[in-house]
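Please walk through this structure with a reader who has not seen it before. Begin with its pocket and then turn to the sheet.

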Amino acid sequence: MPQVAWDLPHPHVERVVVTSEHIDVMNHTNNVVYLRWLELIAWQHSMSLEIGPEAFTQSGQGMVVRSHHLDYLQATHLGDEVLLATWVVHVDKLFLTRKYQFVRVANGQTVFRGESHFVSVDIESGKPKRMPQHFLDAYSGAKVSA
């Protein structure tokens with residue numbers, strides 16, 4: 001992995017390559033793709049903490065997005081390699097906040113920053129419910145100071 005000026009220490013990182021299916025009429029990566037990448041990196045990080053879809057099913061609870069803040073800083077294009085990074089920066093009994101930074105490998109430039117706010121919910125009712133202790137412990141252990 002190239003040297004990157006990450007916004008925060010110890011990111012969870014995945015690498016993606018921009019393919020033709022990501023490109024829109026403006027000849028750059030479509031904004032919706034960035035949302036998919038947010039979901040991808042968040043799931044990959046959660047699964048590395050042993051909180052995957054099966055943990056949601058077993059506990060009957062899961063984390064859902066309450067809001068996103070997205071800053072598209074530079075366009076990415078066909079063939080660009082992009083490092084997707086995420087961090088948990090806040091966690092309590094009900095809420096979790098993630099920050100994201102996407103960096104173009106070729107020049108180390110940050111192309112995107114974002115933040116997502118999640119709430120723990122009961123899957124059946126859809127109502128907010130305190131996180132299972134396993135979730136709280138895992139996310140608290142992964143939290144970094146912003």
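**The pocket and the sheet**

Helix H1 gives the largest share of the lining of the largest pocket, six residues. This is a predicted model, in which local features need pLDDT of at least 70, side-chain atom pairs count only at pLDDT 80 or more, and totals for chains, interfaces and linings use all residues. Residues are numbered from 1 along each chain as its sequence is written, and side-chain values use heavy atoms, with hydrogens and water left out.

The largest pocket has a volume of about 270 Å³. A pocket here is an open set of points on a 1 Å grid over the protein atoms alone, where a 1.4 Å probe fits, with protein on both sides within 12 Å along at least five of seven lines; lining residues have an atom within 4 Å of a point. The volume is the space filled by probe spheres set on the points, which are joined across faces, edges and corners. Of the 16 lining residues, Ala42, Trp43, Met63, Val65 and Phe118 are the closest to the centre. Two or more lining residues come from each of H1 (31-48), E2 and E4. Helices (H or I, at least four residues) and strands (E, at least two) are DSSP runs, numbered from the N terminus.

The open sheet has five antiparallel strands in the order E1-E3-E4-E5-E2, where pairing requires at least two DSSP bridges between two strands. E1 (12-17) and E2 (61-72) are at the edges with a single partner strand each, so one side of each has no neighbour in the sheet. E2 pairs with E5 (residues 110-122) over 11 bridges, and Met63 stands opposite Ser120 in E5.
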